Amino acid sequence: MAWYQKVLTLSPKKRGFHLVTNEILQQVPEIKQIEIGLMNIFIQHTSASLSINENAAPDVRVDMETIFNKLVPEDNSYEHLDEGKDDMPAHAKCSLLGASINIPITSGHLAFGTWQGIYLCEHRNRARSRNIVVTINGQPKK
């Protein structure tokens, strides 16, 4: 079994749901060496999250932002406002979506369905870079 791990920095994104599949894969060429395995992607932040969803229609990403803003509005009376009114809602959205995803690897590629991609879900109004830890485990190609 082979193990690879690295910390990647994703470029700053505005608030919303962003496809980052290619941005991640460009920084992890080691995936091509794996015949069968698993990739774990973990975000080192509490105000952004990761998800797998549709990778084709941009309006899906717009609708996801709308849905999450309705589920967790900024205009509630939250107590935790240390970094602004979007701070606590960002933490709640992160908890709803999660800080990590696992994706199978088959023949050196992520084993996605036809319309799947990796989303960086940015829940803060101020864009900043985000660090993720990518861990790959699997059987190397022969």
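Asp87 is buried, with a relative accessible area of 1%. Keep in mind that this is a predicted model. The side chain of Asp87 forms a salt bridge with that of Arg124, at 3.5 Å from N to O. Asp87 sits in helix 3 and Arg124 in the loop between strand 7 and strand 8, so the pair ties together parts that are 37 residues apart in sequence. Arg124 also counts as buried, at 4% relative accessibility. Through shared partners, salt bridges join Glu83, Asp86, Asp87, Arg124 and Arg126 into one network.

In total there are 9 salt bridges. Another one pairs Lys13 with Glu23, at 2.8 Å. Here the loop between strand 1 and strand 2 is tied to helix 1, because Lys13 lies in that loop and Glu23 in the helix. Lys13 counts as buried, at 13% relative accessibility. Arg130 and Glu122 make a further bridge, at 2.7 Å, and both residues are buried.

Now helix 2. Which of its residues are buried? They are Arg61, Met64, Glu65 and Phe68. On the face turned away from the buried side are the exposed residues Val62 and Lys70.

Last item: Ile67, also in helix 2, is partly exposed at 44%. With Leu71 and Leu96, Ile67 forms a nonpolar surface patch of about 310 Å² accessible area together.

Methods
Residues numbered from 1 in each chain as written. Predicted model: local features only at pLDDT ≥ 70, side-chain atom pairs only at ≥ 80, totals over all residues. Heavy atoms only, no water. Patch = residues over 30% accessible without salt bridge, like charges linked within 9 Å, V, L, I, M, F, W, Y side chains within 5 Å. Areas by Shrake-Rupley, 256 points an atom, 1.4 Å probe, with all protein chains shown as cover. Salt bridge = Lys/Arg side-chain N within 4 Å of Asp/Glu carboxyl O. Helix = DSSP H or I, 4+ residues; strand = E, 2+ residues; numbered from the N terminus. Buried < 20%, exposed > 50% of the residue type's maximum accessible area, 1.4 Å probe, protein only.
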